[in-house]
Amino acid sequence: MQLHEGVKADIVKHLKQLTYLCEIGFSALMVIKTKYRQRLNVENDLRLKLSPIFPAISDLCSNKQGDPSH
């Protein structure tokens with residue numbers, strides 16, 4: 001079966017994107033798994049590092065009430 005040239009180009013493009021994302025993920029994992037953080041469970045940290053969503057920290061903090069002094 002012979003693939004159309006456009007399909008071949010799309011496959012190559014997607015494979016390059018996948019390779020790039022894998023390299024980013026591996027680099028992020030190496031940063032997390034330094035000698036200072038030798039935890040076995042890194043899924044949550046890796047998910048946060050690779051997420052394209054950035055939390056609005058100032059909005060999250062403004063919605064919380066501070067602890068009253070004792």
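The following questions and answers concern a predicted model of one chain.

Student: What pattern does the chain follow, read along the sequence?
Tutor: In this predicted model the chain holds 3 helices and 0 strands. Read along the sequence, the pattern is therefore written with helix symbols alone, since helices and strands are the elements that are numbered from the N terminus, and it reads α-α-α.

Student: How are H1 and H2 oriented to each other?
Tutor: The axes of H1 and helix H2, the latter covering residues 43-50, come within 10 Å and cross at roughly 130 degrees. Angles over 145 degrees would count as roughly antiparallel, and those from 65 to 115 as roughly perpendicular. The crossing is right-handed, and the two helices H1 and H2 are therefore oblique.

Student: What share of the accessible surface of the chain belongs to carbon and sulfur atoms?
Tutor: Of the 70 residues of the chain, 6% count as buried. The accessible surface of the chain comes to about 6900 Å², and the share of carbon and sulfur atoms is 63%.

Notes
Residues numbered from 1 in each chain as written. Predicted model: local features only at pLDDT ≥ 70, side-chain atom pairs only at ≥ 80, totals over all residues. Heavy atoms only, no water. Helix = DSSP H or I, 4+ residues; strand = E, 2+ residues; numbered from the N terminus. Buried < 20%, exposed > 50% of the residue type's maximum accessible area, 1.4 Å probe, protein only. Areas by Shrake-Rupley, 256 points an atom, 1.4 Å probe, with all protein chains shown as cover. Axes fitted to C-alpha atoms, helices over the stretch in contact; angles between N-to-C directions. Parallel < 35°, antiparallel > 145°, perpendicular 65-115°, else oblique. Left-handed = near helix turned anticlockwise from the far one by under 90°.
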